[in-house]
Amino acid sequence: MDEAKDTPKRVCIVGLGGGGFHGEAEQVISLISQDTELVLIFSGPDGGILRWLTSHKICASYKVHSPQLIGEGKWRLLYRIPTNFIAAMKIIAEHDVDLVIGVGTIQILPFAFAAKLLGCKAWFYESITRVHEPSMTGKLVARLRAVDRIYYYWPQLKAHFPNGQCVHSETST
């Protein structure tokens with residue numbers, strides 16, 4: 001028996017702030033061909049919805065405040081960004097994460113940079129609500145080349161994510 005094949009992949013899901021993000025996260029997890037164990041990062045101004053139904057084993061969950069791209073004060077951003085990067089480093093290292101997946105959240109940036117430093121992969125899934133133009137986070141992720149893969153749902157986003165992968169069932173077959 002191949003030990004690597006039988007070992008579950010440890011995946012850190014970032015950005016579980018509300019209903020739609022949970023479904024989008026499950027869609028991205030379905031792209032992984034082996035069993036997964038999850039480390040959940042609930043984010044949003046107050047941590048988001050702090051429960052998630054999944055068939056995957058949940059190893060740990062954390063509440064990490066997600067800075068707002070619009071409306072957050074400069075001083076607060078200057079505090080939150082390094083604080084979240086340090087939290088990301090600790091979480092990824094403590095749980096020996098193989099893959100970080102960010103779903104439509106700015107939190108992917110500190111987690112993606114921490115993942116790169118610690119030698120694991122990072123993916124970004126653009127929110128399904130973005131049909132014609134990426135979110136500000138999607139634009140930053142692509143411009144900074146912060147992640148190894150970008151997934152999006154709507155084929156209209158192909159021009160914005162030329163190296164990304166469309167997961168819409170009509171276009172991905």
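This is a predicted model: local features need pLDDT of at least 70, side-chain atom pairs count only at pLDDT 80 or more; totals for chains, interfaces and linings use all residues.
Local features need pLDDT of at least 70 and side-chain atom pairs count only at pLDDT 80 or more, while totals for chains, interfaces and linings use all residues. Residues are numbered from 1 along each chain as its sequence is written, and side-chain values use heavy atoms, with hydrogens and water left out.

Student: How are H3 and H4 oriented to each other?

Tutor: Helix H3 (residues 74-94) and helix H4 (residues 108-118) pack with their axes 8 Å apart, at an angle of about 50°. Helices are DSSP runs (H or I, at least four residues) numbered from the N terminus, and axes are lines fitted to C-alpha atoms over the stretch in contact, with angles from 0 to 180 degrees between N-to-C directions. Angles under 35 degrees count as roughly parallel, over 145 as roughly antiparallel, 65 to 115 as roughly perpendicular and the rest as oblique. H3 and H4 are therefore oblique.

Student: How do the residues of the contact of H3 with H4 divide into nonpolar, polar and charged?

Tutor: In contact (heavy atoms within 4.5 Å), residues of H3 including Phe85 and Ile92 meet residues of H4 including Phe111 and Leu117. Ala, Val, Leu, Ile, Met, Phe, Trp, Tyr, Cys and Pro count as nonpolar, Asp, Glu, Lys and Arg as charged, and the others, Gly among them, as polar. The division is 13 nonpolar, one polar and no charged.

Student: Which element gives the most to the lining of the second largest pocket?

Tutor: Helix H5 (136-144) and strand S6 (149-152) each supply at least two lining residues, a strand being a DSSP run (E, at least two residues). The lining comprises seven nonpolar, four polar and three charged residues. The largest contribution, three residues, comes from S6.
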